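Let's take a look at how the inside of this protein is put together. Have the sequence and the model open side by side.

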Amino acid sequence: MPRLPLAARPALFATLLTSTALLSGCGPLTWRPGKSPALNLNAPPPDVVLLTVSGRCGPPCAAPRDDWDSLTPRGTVDAVAEALATTGLSVQSAGYASNANETFFSRQVLAEQPGFGALVRDLERMKTTWLAGPNPPRLVLLGHSQGVIWTHYLARIYPEVTFALLIDLDGSCTFWKADRATDRPSAPLNYPAPGFPKPAAACDNLATPAGRLGGKDIVWPNIERNLEVQSKRFPARTGPAGGLPINYLFDLTRNARPDGSYTGIQTFISKREDHSAISHPRSDALRWVSEQAAQLALGWKMQRPGESQPGQVQTDDAAPSTP
């Protein structure tokens, strides 16, 4: 077999490693539910609803056709749900895949998967039931990689809905346009409302006082707090979450508000975890997210009717946090 020209080898090597880094869930390819209570819209509302969107799957998966909810079986959703529930708040969670369809069959896990259309459907139902009631649950969004684009997009096209917390795990626009061009919804999309961009434009740059920012980097006004995680920039020994010593995919742009401010935004840069490892329950990144989420949940609990009012949780919104 002829050998590749020397000039072609670095590009091929980088492509292969990038594909590996894009693997949003390096765990089992058998989908299984998490341990935390699942979203049940037929029951009374919980205190908190955690809605998560996984990233783009990697080879041999053909995205977006075979994308899947990898954060749930990996234990990531359970880890965050447990952190939110540490103060005694009731939490329900639901996971979705990076696909425009409401439901679709993923050959990666040989199972039906809910896509972004299902997330829209569930939010629409909550708007007319739980969110319209006297004690609406607090909504928490969590996304990894391409999932970050979907969660920011959801907040953008639903400005009338308040999201208590947005958690970003290394948002990436890689392959976004190509994937959206090959999405094949089985029915016409019932989103977005007139005047809002289509999903394919969710990662486009917008002008802000903080510079031109992609959709994944803008924290919309209806989001109260944002915890942003970015993976390592430089080669480093890996931690308990595993991953690669060299990281070929990482988010370099700090999130900001449309007005250019950083109010309510905290950023954590993991020094030893790659794009995939940061979403592992044992990662430094998830430990930081869990600690911050637990602090916020304590404040939420104290704000419920009948609860005593504590002092404000002390956080640093003005500058990024690093380990």
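Which residues have the most contacts inside the largest nonpolar core?

## The main core

They are Leu51, Phe116, Leu154 and Phe163, in a core of 38 residues. A nonpolar core here is a set of buried Ala, Val, Leu, Ile, Met, Phe, Trp, Tyr and Cys residues joined through side-chain atoms within 4.5 Å, and buried means under 20% relative accessible area (1.4 Å probe, protein chains only). At least two core residues come from each of S1 (48-53), S2 (91-96), H4 (116-128), S5 (138-144), H5 (146-157) and S6 (163-169). Helices (H or I, at least four residues) and strands (E, at least two) are DSSP runs, numbered from the N terminus.

A second, separate core has 27 residues, among them Val140, Ala164, Phe268 and Trp300.

H5 is well covered: 12 of its 12 residues are buried.

H4 meets H5 through Phe116, Leu119, Val120 and Leu123, with Trp150, Tyr153, Leu154 and Ile157 on the H5 side; contact means heavy atoms within 4.5 Å. Beyond its neighbours within four places in sequence, Phe116 also touches residues including Ala97, Asn99 and Tyr191.

## About the model

This is a predicted model, with local features needing pLDDT of at least 70 and side-chain atom pairs counting only at pLDDT 80 or more, while totals for chains, interfaces and linings use all residues. Residues are numbered from 1 along each chain as its sequence is written, and side-chain values use heavy atoms, leaving out hydrogens and water.

Note on methods. Buried means under 20% relative accessible area, exposed over 50%, partly exposed in between (1.4 Å probe, protein chains only).
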